[in-house]
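Please brief me on the model shown below. Keep it short and group the points by topic.

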Amino acid sequence: MIALEVKCEKCGKDIDVCDMCEDPACKHVVCHDCLSVALDERRPQPHEHGG
Amino acid sequence: MAPRAAARLETLGFGQVHEYRGGKLDWMAAGLPTEGENSLHPRAGDAARKDVPICSLADRLGDVRDRVKAAGWDAALAVDGEGVVLGLLRSKELAKDPDLRIEQAMRPGPSTFRPYVSLHEMAHFMEEHDLESSPVTTSDGKLVGLLYRADAVRLGMPPK
């Protein structure tokens, strides 16, 4: 089982490690979703079904 | 949008119109050329160093470390036969027991970034997270190169 030990600084989601640096002691934890949106790797969908 | 754009192109007289199902981001993720104002901004793929040393899972760490150091690098990437990134070796991993296999020494499944990501954004995140380097890959995981923070900051941040 994966231990979800930190929270994303942007959305508050529980994750196991920061997606940017994977450092367990990261002070600016960011989840994969928030990071990929911030880097414009992916566009946020307005609805779960894609709008 | 793509089917409508294709239909519009056909009405404009283009005869050979295809829908690219992967979409524009996938095109950019493959490092293919783009046009327009946005294409003028530097991207991660432009600054990623393409000659980063690579190795395979079965290689001996000591051999890889010697090769990496001789080439003047402090990092290497483990890839499969197709060039898909499987792991990352920074200084910390390269300093482990030389008799380990790469598979035992590497950081498996490292965070990777697409070539079209803005260097400005990457520089910001790399500084905030004190990250020296990050692998850049296509959307199907194939290695493009290794992006160093120093390069991202130099090319992506305006001089202070």
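pLDDT is the predictor's confidence in each residue, from 0 to 100. Helices (H or I, at least four residues) and strands (E, at least two) are DSSP runs, numbered from the N terminus. This is a predicted model: local features need pLDDT of at least 70, side-chain atom pairs count only at pLDDT 80 or more, and totals for chains, interfaces and linings use all residues. Residues are numbered from 1 along each chain as its sequence is written, while chains are lettered from A and ligands numbered from 1 in the order in which they are written.

**Confidence**
- Chain B has a mean pLDDT of 90, and 98% of its residues reach 70 or more.
- For the complex, the predictor gives an ipTM of 0.74 and a pTM of 0.79.

**Chain A**
- Chain A holds one helix and two strands, in the order β-β-α from the N terminus.
- Of its 51 residues, 18% count as buried. Buried means that 20 or more other C-beta atoms lie within 10 Å of the residue's own; exposed means 12 or fewer, partly exposed is in between, and C-beta atoms are placed from the backbone.
- Ser36(A) sits in helix H1 of chain A. Ser36(A) counts as partly exposed because it has 18 C-beta neighbours inside 10 Å.
- Leaving aside neighbours within four places in sequence, Ser36(A) is in contact with Glu41(A) and Arg42(A). Contact means C-beta atoms, placed from the backbone, within 7 Å.

**Contact between the chains**
- Chain B gives ten residues to the contact and chain A eleven.
- On the chain B side, four residues are nonpolar, three polar and three charged. Here Ala, Val, Leu, Ile, Met, Phe, Trp, Tyr, Cys and Pro count as nonpolar, Asp, Glu, Lys and Arg as charged, and the others, Gly among them, as polar.

**Sheet of chain B**
- Four strands form an open, mixed sheet in the order E1-E2-E3-E4. Two strands pair if DSSP finds at least two bridges between them.
- E1(B) (54-55) and E4(B) (107-108) stand at the edges with a single partner strand each, so one side of each has no neighbour in the sheet.
- E3(B) (residues 85-89) and E4(B) run antiparallel, joined by two bridges. Gly87(B) has Pro108(B) as its bridge partner in E4(B).

**Helix H4(B)**
- In H4(B) (residues 61-70), Leu61(B), Val64(B), Arg65(B) and Val68(B) are buried. They fall within an arc of 100 degrees seen down the axis, so they line one face of the helix. The arc is that of the directions from the helix axis to the C-beta atoms.
- Exposed Asp63(B) and Ala70(B) are on the face turned away from the buried side.
- The buried residues of H4(B) pack against E1, E2 (76-79), H5 (91-94) and H6 (102-105) of chain B.

- Buried residues of H7(B) (residues 119-128) include Glu121(B), Met122(B) and Phe125(B).
- The buried residues of H7(B) pack against H1 (32-38) of chain A, and against H3 (44-47), E5 (133-137), E6 (143-148) and H8 (149-156) of chain B.
- The largest nonpolar core has 46 residues; Ala44(B), Leu77(B), Met122(B), Leu147(B) and Ala152(B) have the most contacts inside it. Such a core is a set of buried Ala, Val, Leu, Ile, Met, Phe, Trp, Tyr and Cys residues joined through C-beta atoms within 7 Å.

Terms used
Contact = placed C-beta atoms within 7 Å.
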